[in-house]
Amino acid sequence: MIQVEDLQKLYLVHRRPPGVWPALKSVLRRPRETVRAVDGISFSIAPGERVGFLGPNGAGKTTTLKMLSGLLHPTAGEARVAGFIPWRREADFLGRITLVMGQKQQLLWDLPAEETFELNRALYGIPRAEHRAALAELVDLLDLGKLKSVPVRQLSLGERMKCELCAALLHRPAVLFLDEPTIGLDVSMQAALRAFIRAYNERSGATVVLTSHYMDDVLALCRRVIVIDHGKLRYDGGLAELARASRPEKLVAVRLSRRVAPADLSRYGAIAEGREDRVVFQVAQEALRDRVAQILAGLPVADMTIEDPPLEDVFRDLFAGKKG
Amino acid sequence: MRRALQLLGAQLRVAALTSLQYRADFFADGVMSLFWLAVTLAPLLIVFDRRPTLAGWTFPAALLVIGWFTLLKGVLDGAVNPCLVAIVEHIRKGTLDFVLLKPADAQLLVSTSRILPWRGADALGGVAVLGFALVKLRHLPTAGQAAASVVLFLAAVALLYSLWILAVSIAFWVVKLDNLVYLFGSIFDAARWPVSVFRGVFRFLFTFVVPLAILTTYPAMALLGTLTWRTGALALSGAVVFFLAARLVFGEALRHYTSASS
């Protein structure tokens, strides 16, 4: 569904030191430098896949999504989305994709969301019967019953994002580019949107490419992740494999029924986190079984959990260039 | 063409619905239109109070120019300027993304993205001034003269729109164009006078560079029956050339759209 080959986007930016004199000099002469926003990345995504497109701020995620949705022309490289070259912006292509941006909105601010839905029906040329069916399905999935007739400016951020998703999906796109769709939402609304995206993907078989800084989004939705940093591809593969490769240790969290001297604790492995009554040991996968038995036998354990390292730590390692 | 009309209809529907949300605007805009019509007429009344003709134009004939000017101002304030402001905002905020993501002609969508129907109240004033001028002139235009003036007025709208698209295209490179509306308004203001009033550099400027003559003087001359077919055809050709140039430049400008960072 998506093929990307050596895609590049370079920007010329003007930089100058602070102060009046550099500002005056910059009127006459503007030294420019090239910023490699996307620096030769290649990957492909199969129909129906849900892929997390991850990286720190400024990594080139949004620039890539904008090239794949036809908004930006690349400096070099090739891409095909649903069989089309995106930046040619053919009507058939635009009718098969959608881009949802958590920080921008297409809804008509002064009117109820249903007027945006109607406008999009006309813009996408959706037959009325088809539009009614799609709208009914999305209203049901997103629980928009009463919201759609309230002026957009009176909706909460989460309610607006639900309506945004509805407006973006009315034409039943085959490819969804979701750029931080849950940003700024409360925990329950984030969960509701994740459930919706998963359900939509399973029902329609649409391909989903998601960027998010919330690891819960990635965990809930994406088995595969593509990680870029400074415009370069750093990882493309399974999320579980990434976690195992980056942080092979398990975290064994133990709640103690009485205090134990730190020297006695360190005999059971490296301590990732230690408080008076709670200790977290870092234990290698292969030693896990034996080490858990030793801990249970040697320490006054009131409670024990075994966890994978947090994804945030995995990505911190990756971006710091440790592994991966 | 059918698709373009459908899109235009959809955009106009949204514009009407948005305007109806704010009823007070309707009355405010109506009062402001009357005020600006008086302001438009004031210089003309002062000039013709002291002399019978101006550059060969009598007071009622010059009123015809004012009539077309006011009609065109209705189009400018009701459709052109609001869209100009909207697109510059879209480019600055990066929300032009949503326009470009739609499977429709981007130029058509941005050109109709914010229409304020009530601001078009000027247009009604313009029609009233045209009627009053014809009565004062005791001149009933022939069907041919009326048709020619309407066609030239449509050419004037196309020209005005093209100038606007060319100006907006600059925003893709410069991004911040706060004074563009004022510049545009100031130049347009000169179109209230018959073009023969201007001499020297201004005559050349307003005939060939910013062809204000096409905007108001030629439709008025067509209504009076004093415009030659040759001049009319040249005016039409000029409007077509500006329209095509604007389309080409806008297409090229879109390629330079960088969107705003999220």
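Predicted model: local features only at pLDDT ≥ 70, side-chain atom pairs only at ≥ 80, totals over all residues.
Let me start with one pairing in chain A: Tyr11(A) has Val35(A), in strand S2(A), as its bridge partner.

Let me turn to chain B and its aromatic residues. Over all chains, a search of the whole structure gives 8 aromatic pairs. One of them is formed by Tyr161(B) and Trp164(B), whose rings are tilted, with 5.4 Å from centre to centre and an angle of 45° between the planes. How are these two residues placed along helix H7 of chain B? They are 3 residues apart in that helix, which covers residues 143-174, and so they are separated by about one helical turn. In general, an α-helix has 3.6 residues a turn, so residues three or four places apart point the same way. Tyr161(B) is buried, at 18% relative accessible area, and Trp164(B) is buried as well, at 1%. Together with Phe243(B), Tyr161(B) and Trp164(B) make up one aromatic cluster.

Next comes helix H11 of chain B, residues 229-255, where we can check length against expectation: at 1.5 Å a residue its 27 residues should span 39 Å, and because the end C-alpha atoms lie 40 Å apart, the two values agree. Several residues of H11(B) are buried, among them Gly232(B), Ala235(B), Phe242(B), Phe250(B) and Leu254(B).

Finally, let us consider how the two chains meet. On the chain B side 28 residues are in contact with 31 residues of chain A. Interface size is often given as the accessible area lost when the parts come together. Here the area buried between chain B and chain A is about 2600 Å², and carbon and sulfur atoms give 62% of it. How many salt bridges does the rule find across this interface? It finds 3. For a closer look at a charged contact between the chains, the side chains of Glu115(A) and Arg13(B) meet in a salt bridge, at 2.8 Å from N to O.

Note on methods. Residues numbered from 1 in each chain as written. Chains lettered and ligands numbered in written order. Heavy atoms only, no water. Phe/Tyr/Trp six-rings, centres within 6.5 Å; stacked < 30°, edge-to-face > 60°. Helix = DSSP H or I, 4+ residues; strand = E, 2+ residues; numbered from the N terminus. Buried < 20%, exposed > 50% of the residue type's maximum accessible area, 1.4 Å probe, protein only. Pairing = 2+ DSSP bridges. Expected span 1.5 Å × (residues − 1). Contact = heavy atoms within 4.5 Å. Buried area = accessible area lost by both parts, 1.4 Å probe. Salt bridge = Lys/Arg side-chain N within 4 Å of Asp/Glu carboxyl O.
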